[in-house]
Every structure is written in C-alpha cells, then in structure tokens.
Amino acid sequence: MNITLIAILSAVSLFFGMLVLFEVGRRFGIARLAHDPEGLAKGTGAAEGAVFGLLGLILAFSFSGAATRFEERRHLITEEANAIGTAYLRLDLLQANAQPELRTLFRQYLDIRATIYENHTDEASPNTRLEKAAALQTDIWNKSLAASRHQESSPDAAKLLLPALNEMIDITTTRATATENHPPLVVYLLLAGLSLIGAMLVGYAMSANKGRSWLHSISFAAVISLATYVIIDLEFPRLGLIRVDGADKVLIDLRKSLD
C-alpha cells in the first residue's frame, strides 16, 4: 500500500477516534455529575498533566527525530556526490591507458546511483539497480587497484585513489541503512494511545459545560492528527508527499559534468 495513503488513513482514523473519545469522556463526565452533584472528581490535574506532558514529549521527539533523519538523508546524497567526484578526479593519477575505461565505468555507475531510489512502487527495480551498482563497484575497485600498481601510474595513486574509492563505496551502505532507519512501531502506537486518552480526558473535563465545544474538540483532534501525518510522511521521504528527491539533482548535475 502507498505510504501516503497509509499516513492519510492513520491521521484520519486518529482524528475520528479522538472525536469519539471526546464524546466518551464527556458522557462519563455527565454520568459522574448525575450521581455526584458536587461535581467532577477533584485532584485529577496531576494525572491529566502527566498524560498531556508525555503526549507533548512524544510528539516533540518524534517530529524532531523525523526531521533530523530527513535532513541526514539529504546530506548523505551530497556526501556521495562529493565522494564520487573526488574519486573521479583522482583517476588522473593512473596510467593514461587505464583512465578511459575507468571513466566510462564511473559514468555508468553514476547513472545508476542518481536514480537508484526511484520507482519505489516496483520493489524489484531498486534491488536490481543496487546489484548493478555493486557489480560496478567491484569492477571499478579491481581495475583501479591493478592500474595503481602499474609503473606508469603516479607513485601516490594507491595512497590517494583507493581511499577515495573506499569512501565512495562505504557511503552507499550508509545511505541504504539510512533508508531503513525508523522508530519502532511501539512509538507510533504510544503516540496514538496517548492522543486517544488525552481526548477522553478533555471530553471528561468539558462535561461540566452545558453544550459541546466543537471548536476546541475538532481543533485539538485536527492538530494532533496533522502532526502525526507529517511525522509519518517525513519518515518515508521517498514515498510520501514530503520528498527528498530534489537532493538527487546534485548527482544528476555531477553526471552531466562528466560528459
């Protein structure tokens, strides 16, 4: 299922769930008032404060973590472009005969890396591209290693080129790991649970009023639901509405500069 649809359905379900819990809490409060003319239970402020304090804390940390991971994924794309560009420039240290083939391999490799995370509706496509990129990495490494040992190559070829290639290869693992880095499911369940409990407590507290305050109820549910949607969307920047695809331009521009 599309992650955007999942996020929207989750937010909508949370929104209506909170409205239902508002009403449940209000009815509990009305029943309490009917049996106890003195009013609602006293001394509940500490419990309510703990619930809403924890809800605010979970929301803040979840949003902050999602935004941080979003920016890290963007920065990793730039780091990969820098690593590829550095390694490509250091091919000048190799013997002249070995350079054309390696430069061609670099262009093929960059063609794949610039689009490797596109077409996510087709799970086989990224996996196929990853396999091709890994094969090109091995080919580039082996040919560069052999060329750096050639007597016509610069004496510093191995010391400068191979570490750059190693960084270029390592960043792919870092990026792949970053795409799978998400909070545990229990964090989202806790966020939803606290939101529903908070809605019930608000409804209970508002039961002393003669009528329902739909403005406050809908506003509270809408704000929490919208924040939850944004958090989920940020966690999957290749699949939702908030995307990191624009950062791929640095790889595309680098590829154009190699022609």
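Angles over 145 degrees between two axes count as roughly antiparallel. That cut-off is used in the first of the views below, which are all taken from a predicted model.

**View 1. Helix 6 and helix 7 pack with their axes within 11 Å of each other.**
Helix 6 covers residues 185-205 and helix 7 covers residues 214-235. Their axes cross at roughly 175°, and the two helices are therefore roughly antiparallel to each other. On the helix 6 side, the contact is made by Y188, L191, S195, G198 and A199. Helix 7 contributes F220, I224, T228, I231, I232 and E235. Sorted by class, the residues in this contact are seven nonpolar, three polar and one charged.

**View 2. T228 sits in helix 7 and is buried.**
The relative accessibility of T228 is 9%, under the 20% limit, so T228 counts as buried. Apart from neighbours within four places in sequence, T228 is in contact with L14 and L191. From T228 to E80, the C-alpha to C-alpha distance is 31 Å, and the two residues are 148 apart in sequence.

**View 3. A salt bridge joins E80 and R113.**
The N to O distance between these side chains is 2.6 Å. E80 belongs to helix 2 and R113 to helix 3 (residues 99-113), so the pair ties together parts that are 33 residues apart in sequence. E80 is buried, at 0% relative accessibility. R113 is buried too, with a relative accessible area of 2%.

**View 4. R74 and E71 form a salt bridge within helix 2.**
The closest N and O atoms of R74 and E71 are 3.4 Å apart. The two residues are three apart in helix 2 (residues 45-89), so about one helical turn separates them. R74 counts as partly exposed, at 37% relative accessibility. E71 is likewise partly exposed, at 32%.

**View 5. D253 pairs with K249 in a salt bridge within helix 8.**
Here the closest N and O atoms are 2.8 Å apart. D253 and K249 are four residues apart in helix 8 (residues 249-257), so they are separated by about one helical turn. D253 is partly exposed, with a relative accessible area of 34%.

**View 6. R238, R243, D245 and D248 are linked by salt bridges.**
These four residues form a network. Side chains of opposite charge can pair when their charged atoms come close. Across the whole structure, a search finds 14 salt bridges.

**View 7. The largest nonpolar core has 56 residues.**
Within this core, I84, F106, L165 and M168 touch the most other members. Two or more residues come from each of helix 1 (3-35), helix 2, helix 3, helix 4 (124-148), helix 5 (157-179), helix 6, helix 7 and helix 8. Helix 2 gives the most, with 12 residues. Residues up to four places away in sequence aside, F106 touches I84, A87, Y88, L91, I140, L165 and M168. In soluble globular proteins, nonpolar side chains tend to be buried together.

**View 8. R69 is a buried residue of helix 2.**
R69 has a relative accessibility of 16%. Not counting residues up to four places away in sequence, R69 touches N181, P183 and E235.

**View 9. Q95 lies in the loop between helix 2 and helix 3.**
Q95 counts as buried, at 12% relative accessibility. Residues up to four places away in sequence aside, Q95 touches A147, H150, E152 and S153.

**View 10. F236 is placed in the loop between helix 7 and helix 8.**
At 25% relative accessibility, F236 counts as partly exposed. Its contacts, leaving aside neighbours within four places in sequence, are I3, H182 and I242. F236 and K210 are 26 residues apart in sequence, with 44 Å between their C-alpha atoms.

Note on methods: Residues are numbered from 1 along each chain as its sequence is written. This is a predicted model: local features need pLDDT of at least 70, side-chain atom pairs count only at pLDDT 80 or more; totals for chains, interfaces and linings use all residues. Side-chain values use heavy atoms; hydrogens and water are left out. Buried means under 20% relative accessible area, exposed over 50%, partly exposed in between (1.4 Å probe, protein chains only). Axes are lines fitted to C-alpha atoms, for helices over the stretch in contact, and angles run from 0 to 180 degrees between N-to-C directions. Angles under 35 degrees count as roughly parallel, over 145 as roughly antiparallel, 65 to 115 as roughly perpendicular and the rest as oblique. Contact means heavy atoms within 4.5 Å. Ala, Val, Leu, Ile, Met, Phe, Trp, Tyr, Cys and Pro count as nonpolar, Asp, Glu, Lys and Arg as charged, and the others, Gly among them, as polar. A nonpolar core is a set of buried Ala, Val, Leu, Ile, Met, Phe, Trp, Tyr and Cys residues joined through side-chain atoms within 4.5 Å.
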